[in-house]
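Here is a short report on one structure. Look over the sequence and the fold, then read on.

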Amino acid sequence: MTLFIRTPIILLAITGMTGVKTLASQRATMPTSGIDTTAAINVIRAEYRNINTAKLTTEAFKYEAEGCVEEGQVKYFLNQKKEIVKIVESGSIGDGSWNREFYFQSGKFIFCYETLIGGPAIGPETKTEHRTYVKDDQVLRYMDDKNIVPAEQTAADALKISYKLLKAYTTKKFAEVLCQ
């Protein structure tokens, strides 16, 4: 993403959408195409725990791109079979920073946990969290902080970026993938 795209996303997430959060937290998540959403999310959560407790090999790479990211880093976590099961991408620009964790099961994207931290130069720092649960490349649930909300562009971006980062493991062209 360019500076012009990433900055508004960070600022929007940081400033929050209180009214939308309140309304959205009152809505139930509807099953996607007949999928038992609760069961699918429980499977994703179990895999998340398995990945984070497993002994994994880590490979880390740094990248920067003017107007897009300062101090960017991408870490790949590989299981015993040398399969990528987790990717952590982080960076900062201006007064904001982010950290995104992408989780995979058998080469398929299943979950993204994203934190955005920042705020105005003078004023309190805010932290926003996003969670995207995915099955068969369909968003099951999207959460803004602890509230379930309708999936938005951030959820679609997580899906696209996850697979681009998988491919970037071989090319090492991270700025090309993340700063389009």
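## The paired strands

F104 stands opposite F109 in strand 5. This is a predicted model: local features need pLDDT of at least 70, side-chain atom pairs count only at pLDDT 80 or more, and totals for chains, interfaces and linings use all residues. Residues are numbered from 1 along each chain as its sequence is written, and side-chain values use heavy atoms, with hydrogens and water left out. Helices (H or I, at least four residues) and strands (E, at least two) are DSSP runs, numbered from the N terminus.

Strand 4 and strand 5 run antiparallel, joined by 10 bridges. Two strands pair if DSSP finds at least two bridges between them. Their hairpin has 2 residues between the strands, and S106 takes a positive phi near 55 degrees there. Strand 3 and strand 4 are also antiparallel, with 8 bridges. E89 has R100 of strand 4 as its bridge partner. In this hairpin, again with 2 residues between the strands, G94 has a positive phi near 60 degrees.

Strand 4 is largely enclosed by the rest of the structure, because 7 of its 10 residues are buried. Buried means under 20% relative accessible area, with a 1.4 Å probe and protein chains only.

## Helix 3

Helix 3 covers residues 37–53. Its 17 residues reach 24 Å from first C-alpha to last, close to the 24 Å expected. The expected span is 1.5 Å times one less than the number of residues.

T37, A40, I41, I44, E47 and I51 are buried in helix 3. They cover an arc of only 120 degrees around the axis, so they lie on the same side of helix 3. That arc is taken from the directions from the helix axis to the C-beta atoms. What covers these buried residues includes strand 3 (84–93), strand 4 (96–105) and strand 5 (108–118).

## Helix 4 and the cores

Helix 4 spans residues 153–171. Its 19 residues reach 26 Å, close to the 27 Å expected. Its buried residues include T154, D157, L165 and Y169. K172 follows helix 4, with a positive phi near 65 degrees.

The largest nonpolar core has 27 residues. Such a core is a set of buried Ala, Val, Leu, Ile, Met, Phe, Trp, Tyr and Cys residues joined through side-chain atoms within 4.5 Å. V74, F102, F109 and L165 are among those with the most contacts inside it. Helix 4 gives the most to this core, with 6 residues. A second, separate core of 12 residues includes A40, I41, I51 and I110.

Terms used:
Buried means under 20% relative accessible area, exposed over 50%, partly exposed in between (1.4 Å probe, protein chains only). Contact means heavy atoms within 4.5 Å.
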